[in-house]
Amino acid sequence: MTPPPAAAARLDSVSIPVPKKNVGSPAPACVDHPFKGIALVLLSTVFLGCSDVTAKYLSTSLPSIEITWIRFLTFALMFTPVMLPRSPLYAMHTERLGLQLMRGAALLGSSLFFITGLGFLPIAEASATGFVAPLFVTALSIVFLSEKVGMRRWIATAVGWTGVMIILRPGSSAFHVAAVFPIISAFCWAAALILTRMISGREAVVTTMAYSALTGVAILTVMVPFVWVTPSWTAIGLGIVIGVASTVGQWIIVLAYRYGDASVLAPFSYTQLLWVSILGFFIFGELPDIWTITGAAFIVASGLYIAHRERIRRAQLLVLEERSPNP
């Protein structure tokens, strides 16, 4: 349902090397306060974990499309002030409408497929599998960002996929076909991250989030009548909780990565797995088995190493930029 914060990185500060122009970035400068960043990441995992657990609980009474629709409708309503033309917070001007709409569709796919998987899988298993998004980012960055990926990052990616195979155990009686949904969700979130990199530095964060909310609402409003189940007031309330918690959680991540480097903050984002496991036990009576724990360890180790290599790559790019004789 909610994208893993380790993969989220910085929605407002992720960028790729571009020719220097006299264009100011709407993103605020980062300040090095790692402990503040760590505290915010830990807080975000509470919101995101609660959102996921609530979505799983609600999946027993409502279709995943309807749950996602309520989530995106809440998301859009929270950003109404930046959508109103006469509002002092209006921020809907964009020079990259196509990329914004594609990012919104990718974010919608991530939420929808994850919620669908939650209806069939233990929440710890679905969440652990969803953390493979950085592995997809590694592959997609080659195609869309023309990045060069070294052997060590490929090995880390292979380790992460080994963890996925350990969790899913394809070919065994433990395998459930719904296990592919969190993987598709992770792929969609990786695509959203790639698009974020292409937009970053040129569009304000609130603009990107507002277009994502509107895109999701527009697409789901067309789909939801075909699966509509009249929700109870309790279900509506829980749907609003999902929307508020996931939106607040994502926004806290944006704030967190202004205060620390991804390689420092990423380890703490994986505490989301701890929260969903604890809540899954008390609410659904689910305990992650040894296969899920072992596979999750592989995925986490892979994600942390990829974050480490990303930090090194960024440092190298900065050095090259400083040495460049071009203004």
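Which residues does E286 touch, not counting residues up to four places away in sequence? This report on a predicted model starts with that residue.

## The surroundings of E286

E286 touches K56, L121, P122, I123, S277, G280 and F281. Residues up to four places away in sequence are left out of that list. E286 itself sits in a loop. On one side of the loop is α13 (271-284), and on the other is α14 (290-323).

Is E286 buried or exposed? Its relative accessibility is 18%. Buried means under 20%, so E286 counts as buried. Now compare sequence and space. E286 and A124 are 162 residues apart in sequence. Their C-alpha atoms, however, are 8.3 Å apart in space.

## The chain as a whole

How many helices and strands does the protein chain have? There are 14 helices and 0 strands. Read from the N terminus on, the elements run α-α-α-α-α-α-α-α-α-α-α-α-α-α.

The protein chain has 327 residues, and 51% of them count as buried. Take the contacts in the chain with a separation of 6 or more: 89% of them come from residues 24 or more positions apart.

## Where α3 meets α10

Two packed helices are described by the angle between their axes and the distance between the axes. Here is one pair. Helix α3 covers residues 64-78, and helix α10 covers residues 205-223. Their axes come within 8 Å. They cross at roughly 145°. The crossing of α3 past α10 is left-handed.

Which residues make the contact? From α3 come I65, T68, W69, F72, L73, F75 and A76. From α10 come M209, S212, A213, G216, V217, L220, T221 and M223. By type, the residues of this contact are 11 nonpolar and 4 polar, with no charged ones.

## Cysteines and disulfides

A disulfide is a covalent bond between the sulfur atoms of two cysteines. How many disulfides does the structure hold? The count is 0.

C50 has 33% relative accessibility, so C50 counts as partly exposed. C188 has 14%, so C188 counts as buried.

Conventions: Residues numbered from 1 in each chain as written. Predicted model: local features only at pLDDT ≥ 70, side-chain atom pairs only at ≥ 80, totals over all residues. Heavy atoms only, no water. Axes fitted to C-alpha atoms, helices over the stretch in contact; angles between N-to-C directions. Helix = DSSP H or I, 4+ residues; strand = E, 2+ residues; numbered from the N terminus. Left-handed = near helix turned anticlockwise from the far one by under 90°. Contact = heavy atoms within 4.5 Å. Nonpolar A, V, L, I, M, F, W, Y, C, P; charged D, E, K, R; others polar. Buried < 20%, exposed > 50% of the residue type's maximum accessible area, 1.4 Å probe, protein only. Disulfide = S-S within 2.5 Å.
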